[in-house]
Amino acid sequence: MQFTQAELEAAAALVHSQMSPTPQYAWPQLSERAGCEVWVKHENHGPTGAFKIRGGIAFIDWLRRTQPDCPGIITATRGNHGQSQARAATAAGLRAVIYVPRGNSVEKNAAMRAFGAELREHGDDFDAAREEAMRASEAEGLFPVPPFHTELVRGVATYGLEFLRAVPDLDAVYVPIGCGSGICGTIAARDALGLRTEVIGVVSDGAQTAKLSVDAGRLIPTDTARTFADGMAVRVPVQAAFDIYSTKASRIVSVSDAEVAEAIRIYFRDTHNIAEGAGAAALAALLQERERMAGRKVGVILSGGNIDTDWAVTVLSGGVPRV
């Protein structure tokens with residue numbers, strides 16, 4: 001899955017017709033902590049508080065052009081993808097049926113409903129919800145939106161395009177991995193721009209399917225995906241995404257929930273931005289690799305800020321949410 005600059009610029013024009021580019025800032029306190037120049041791409045500043053909005057804009061535009069008679073979409077999510085799809089589908093006059101696992105984020109569920117989603121609970125984790133959504137799509141005549149698709153990635157890649165054009169001399173950038181659209185979009189933008197920036201993936205210790213798969217050279221599903229960084233809580237890797245990040249990412253780093261919680265606290269202290277678990281994972285990985293990155297110019301993707309209030313209180317009080 002490769003895109004030309006022109007293809008990414010067209011996606012950016014579409015995305016920017018519905019949202020402004022998000023900012024990227026070099027934060028001096030973060031740089032002091034990490035021992036390198038740290039640039040943060042603030043995807044938490046978008047209209048849904050997460051990078052996924054870009055994929056929804058591009059995907060629904062593609063769907064309306066290619067299947068004009070389609071009545072709506074059906075998909076699964078832990079929250080940010082669902083907000084993105086519900087927002088874009090509803091704006092286009094389509095139904096948006098969104099499956100979430102039982103016990104999903106209360107506040108992400110409320111946000112999805114506010115954007116027009118018909119929310120359904122099924123299963124104990126994202127992958128169970130995804131399987132049920134895909135099964136229900138045919139019976140209900142709705143288009144099944146997978147977690148990874150060319151148009152989703154092309155939309156998401158626009159944050160990489162913005163970031164790497166604004167700071168083209170980054171030595172490395174850390175990107176969290178769930179199903180893989182974020183890291184693959186970043187890789188696509190880097191390659192389209194002809195840059196040599198290292199792209200480093202980040203997973204949770206409790207949801208290591210992407211790292212285990214890269215280490216083994218083949219897909220390795222896991223039995224569980226237990227982490228409060230719900231955007232990374234995936235058990236089953238996506239082959240098309242794996243094919244990209246397994247060959248084009250420099251490496252995959254695993255971070256603990258305790259490291260992620262500390263990264264959330266650091267973001268708040270040093271920048272007064274609130275990050276959700278997956279949103280802080282890239283910073284957690286950079287801090288873990290502080291010695292390796294000493295003196296370099298490094299980017300981190302703050303991919304989302306949609307953490308439930310009770311978890312935020314726990315984290316900011318010095319704790320780690322239990323799941």
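User: Which residues lie nearest the centre of the largest pocket, and how many residues line the pocket?

Analyst: In this predicted model, 19 residues line the largest pocket, and R78, R102, G103, D124 and V323 are the ones nearest its centre. In general, rolling a probe the size of a water molecule over the atoms shows where empty space is left. Here, the largest pocket holds about 380 Å³ of space.

User: How many aromatic pairs does the structure hold?

Analyst: There are seven aromatic pairs. One of them joins F51 and Y159, with 5.8 Å from centre to centre and 85° between the planes, an edge-to-face arrangement. F51 lies in the loop between β2 (37-42) and α3 (53-66), and Y159 in helix α7 (residues 150-166), so this pair ties together parts that are 108 residues apart in sequence.

User: Are F51 and Y159 buried or exposed?

Analyst: Both F51 and Y159 are buried.

User: Why is the pair of F228 and W311 edge-to-face?

Analyst: Planes over 60 degrees apart count as edge-to-face. The planes of F228 and W311 stand at 85°, with ring centres 5.9 Å apart, so the pair is edge-to-face. F228 lies in the loop between α9 (209-216) and α10 (239-248), whereas W311 belongs to helix α13 (residues 309-316); the pair links distant parts of the chain, 83 residues apart.

User: What is the relative accessibility of F228, and what is that of W311?

Analyst: F228 has 1% relative accessibility and counts as buried, whereas W311, at 22%, is partly exposed.

User: Which residues form one aromatic cluster?

Analyst: F59, W62 and F143 form one such cluster.

Definitions and conventions
Residues are numbered from 1 along each chain as its sequence is written. This is a predicted model: local features need pLDDT of at least 70, side-chain atom pairs count only at pLDDT 80 or more; totals for chains, interfaces and linings use all residues. Side-chain values use heavy atoms; hydrogens and water are left out. Rings of Phe, Tyr and Trp (its six-membered ring) pair if their centres lie within 6.5 Å; planes under 30 degrees apart count as stacked, over 60 as edge-to-face and the rest as tilted. Helices (H or I, at least four residues) and strands (E, at least two) are DSSP runs, numbered from the N terminus. Buried means under 20% relative accessible area, exposed over 50%, partly exposed in between (1.4 Å probe, protein chains only). On a 1 Å grid over the protein atoms alone, a cavity is a set of points where a 1.4 Å probe fits but cannot get out, and a pocket is an open set with protein on both sides within 12 Å along at least five of seven lines; lining residues have an atom within 4 Å of a point. Grid points are joined across faces, edges and corners, and a volume is the space filled by probe spheres set on the points.
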